[in-house]
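Open the model in your viewer and follow the stops below.

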Amino acid sequence: MTKVVVVGSGPIGSAFALTLHNLDSTADITMFEVGPAATHPLGRHVRTLDSTEELEEAQLLCQGPKRNVKEDPRKMHTGVVLARPGTFLVEDGKANSEMPATAMSANVGGMGAHWTAACPRLGDGEIPTFIDRAEFESDFDEAWRILKVTQSAFATFPLGDQLRERLGAKYNVGRSADRNVQPMPLAVQVKDNRTWWTGTDVIIESILPSERFHLIPDTLVTEVIHDGTRATGVRIKNQNTGAESAVDADVVFVAGDSIRTPQLLFKSGIRPKALGHYLNDHGQVLGLAELPEDLTATTEKPNRIGALAPHSGISWIPYDRETFPVHAQIMQMDASPIPLHDMKEPRPGAFVGVGLFVPKDVQAADRVEFSDTETDFFGMPKPSLFYKLTAEDDRRFAEAKELLTGVMETIGTPLGNGAIVMPPGSSLHYMGTVRMGASDDGTSVCDQNSRIWNFENLYVGGNGVIPTETAANPTPTSIAFAIKAARSIARTVSKGN
Ligand SMILES: Cc1cc2nc3c(=O)[nH]c(=O)nc-3n(C[C@H](O)[C@H](O)[C@H](O)COP(=O)(O)OP(=O)(O)OC[C@H]3O[C@@H](n4cnc5c(N)ncnc54)[C@H](O)[C@@H]3O)c2cc1C
């Protein structure tokens with residue numbers, strides 16, 4: 001029996017557990033999650049719950065130190081940075097934070113209980129060059145399969161096709177067919193005229209009943225126990241009773257998000273030079289467009305959460321290094337991160353939010369640092385964020401604003417005061433802090449199988465592993481890397497090689 005500990009129950013830990021469980025019949029997997037079981041079944045996406053009351057109740061449980069604190073979203077209009085419902089800010093209340101919108105979730109399912117479920121494939125320039133491309137694409141396909149990704153969830157609504165036709169006429173020029181304007185790949189299932197957003201319940205459904213998989217909520221992993229080259233277990237703390245104990249492990253996979261994965265390593269005395277550095281949050285630029293009458297949906301807004309909105313769904317203009325160096329999502333309004341415009345009752349389907357992700361000019365100096373003396377809400381080393389935009393970032397933002405205007409004018413009339421540049425941290429996609437590298441040259445934390453350099457059996461997962469400048473939403477890519485890690489473990493560690 002190979003005892004495997006997974007730290008964190010988000011989509012990455014869950015996909016890793018599923019893959020290893022199915023590849024290696026000797027693997028006995030225990031997954032610890034510091035947050036509570038906020039939804040039933042475990043890890044269900046909050047937007048798949050039956051009522052708005054249930055959704056709000058579940059969101060409030062996931063907010064760690066802000067558990068049960070409901071913020072008024074109108075505060076955002078006064079310049080206050082608020083966490084999205086279901087998340088909490090890493091540097092809450094810190095004056096002049098360099099990454100004020102950086103947030104996390106603490107619940108079974110992690111941010112995967114709250115995400116928009118957009119699952120784009122990376123383009124040329126976004127994938128690390130030292131990774132075998134065919135292997136990556138195959139693992140990415142598997143990630144899509146695990147997440148139940150589809151591009152046809154909103155296929156029955158002609159408005160989406162009309163939008164994409166107009167956008168395609170302008171942006172498809174010079175692209176290969178797979179990088180044309182298209183419906184956003186979404187991790188959703190459509191059943192009973194209802195959209196079931198993929199949470200970790202969908203990922204772990206088949207292994208939850210297994211005797212070789214154990215999911216333990218309300219339990220913080222406080223330390224990885226190790227001898228410098230080999231992890232031998234973890235220390236845990238029950239969040240309800242305060243009881244502490246140690247658990248043996250043959251393999252440890254840390255998937256606690258891009259802030260808390262390096263935090264746990266730091267706390268455990270595992271501090272490679274690159275740990276926490278190369279923090280990479282792609283910039284986010286938003287706009288709102290009003291569609292012309294001939295592009296406006298006429299059906300009414302559904303009155304139940306999870307019901308299909310008769311709007312355009314989410315369309316995607318993929319990143320193209322040469323012609324369109326950002327990622328664009330053209331969204332139905334209930335997926336937009338902020339109230340973009342002061343509208344009471346918009347004509348159904350008449351307004352779309354356009355969001356661009358702008359790749360960051362990655363710098364070693366952008367980092368999360370941890371304190372040896374101060375602690376966070378959970379009693380772990382307190383994180384501080386250091387994040388600066390370079391002159392190259394300024395150039396990219398200026399270019400992105402022009403691209404945004406172009407997209408909005410292609411489909412309608414831009415509204416408001418032009419592009420809104422969101423504060424750093426807003427993307428909720430933090431990368432680089434435990435980055436993967438081709439060699440142990442001090443610029444990476446793990447190898448291409450996500451194994452920490454110089455350790456035999458200690459692995460990391462999550463967006464922090466991604467080393468490249470990317471525009472696309474990262475979750476399926478991080479799952480692909482976690483699948484690669486699981487395959488490598490099944491091949492080697494579990495077989496005693
Ligand atoms: C509103 C919203 C919209 C989003 N939309 C998209 C999208 O459209 N596409 C996309 O790709 N991504 C999106 N994301 C981001 C996506 O949710 C994350 O990329 C994904 O959840 C990362 O998975 P993870 O498992 O690495 O981390 P998480 O989902 O953050 O899970 C990590 C878990 O580990 C737990 N943990 C941490 N440390 C410890 C410890 N020491 N002991 C025990 N437990 C611990 C945490 O409590 C947490 O539950 C969105 C996120 C949000 C909030």
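Start at V188: its bridge partner in β8 is W197. Strands here are DSSP E runs of at least two residues, helices are H or I runs of at least four, and both are numbered from the N terminus. Residues are numbered from 1 along each chain as its sequence is written. The model is predicted: local features need pLDDT of at least 70, side-chain atom pairs count only at pLDDT 80 or more, and totals for chains, interfaces and linings use all residues.

Four bridges join β7 to β8, and the two run antiparallel. The three strands form an open, antiparallel sheet in the order β5-β7-β8; strands pair if DSSP finds at least two bridges between them. β5 (149-150) and β8 (194-197) are the edge strands, each pairing on one side only.

Next, colour by domain. Domain 1 is 1-148 + 199-280 + 367-386 + 431-497, and domain 2 is 154-197 + 283-358 + 388-423. These bounds come from an automatic or database domain assignment. The contact takes 27 residues from domain 1 and 29 residues from domain 2, counting C-beta atoms, placed from the backbone, within 7 Å. On the domain 1 side, α2 (52-61) and α3 (133-147) each supply at least two residues.

Last stop: the ligand. Of the 40 residues around it, G8, G10, G110, G256 and T475 come nearest; a residue is near if its C-beta atom, placed from the backbone, lies within 6 Å. Select α1 (11-23), β10 (219-226), α6 (260-267) and α8 (475-491): each supplies at least two residues of the shell. α1 gives the most, with three residues.

Definitions and conventions:
Two residues are in contact if their C-beta atoms, placed from the backbone, lie within 7 Å.
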